[in-house]
Amino acid sequence: MARHSILDTLHDSLRKDALEGLQAMRFPPGQVLFSAGEHCRGLPLVLDGSIKVQMTGASGHSIVLYRMGADDICTLSIGCLMTGRGYRAEAIVEEVAEAAIIPRGLFDRLMDQSAEFRLGIMESYGRRLDDLMLLVEEVAFHRMDERLAEWLQARAADGQSVLNITHQELAVELGTAREVVSRLLKELERRGQVRLARGRVELTGLRKTASPA
């Protein structure tokens, strides 16, 4: 049985119909759930695991828009279902994930017949929109060296002293080119704040004020 808080907003008969109409699936790491340009077939409810949603621009550079974990709802899918437009980004499984898909027809019915379900969907959409606005502000107004230092500092604050991540993957996290990330990491290494190896960044002395030129 699907375990997701949005289903708890439904009264008994609608919840029974919803559970009968859900399509629960497991996805391995690397699985692409949807790609840019595809039409939305339903609303994914993440039950377990980790899925990232990222956008790739005309330049070929990608940026992670958001991640979904247990009990999350795919915000991009909400927008596509409500507007009838295709996806403008892609979703990729990072850790083995389980998701239940609410088909389009069932989604429309639940939105129409349950005010509580509709409110829960819109609240989820609003929270994610706030996060995306912060991302836009960060990308538009913060220098890349500052953003890289802040990203690394956040991991250090979580107790992560060694990050198994490539320069390309880090570039996608920050929405820039791999060459830019490599140059900035080399400068941090020169200052003794990180130690670099293939697919690995060791945080050796990163200070909160670190900001390579």
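This is a predicted model: local features need pLDDT of at least 70, side-chain atom pairs count only at pLDDT 80 or more; totals for chains, interfaces and linings use all residues.
Residues are numbered from 1 along each chain as its sequence is written, and side-chain values use heavy atoms, with hydrogens and water left out.

Q: Why is the contact of Asp-145 with Arg-143 called a salt bridge?
A: A salt bridge requires a side-chain nitrogen of Lys or Arg within 4 Å of a carboxyl oxygen of Asp or Glu. The closest N and O atoms of Asp-145 and Arg-143 are 2.3 Å apart, so the pair meets this definition.

Q: Why is Asp-145 called buried?
A: Buried means under 20% relative accessible area, exposed means over 50%, and partly exposed lies in between (1.4 Å probe, protein chains only). Asp-145 has a relative accessible area of 5%, and therefore counts as buried.

Q: Which parts of the chain does the pair of Arg-128 and Asp-72 link?
A: Arg-128 forms a salt bridge with Asp-72, with the closest N and O atoms 4.0 Å apart. Arg-128 lies in helix α4 (residues 115–141) and Asp-72 in the loop between β4 (62–68) and α2 (75–83), 56 residues apart. Helices (H or I, at least four residues) and strands (E, at least two) are DSSP runs, numbered from the N terminus.

Q: How do you know that Arg-128 is buried?
A: Its relative accessibility is 12%, so Arg-128 is classed as buried.
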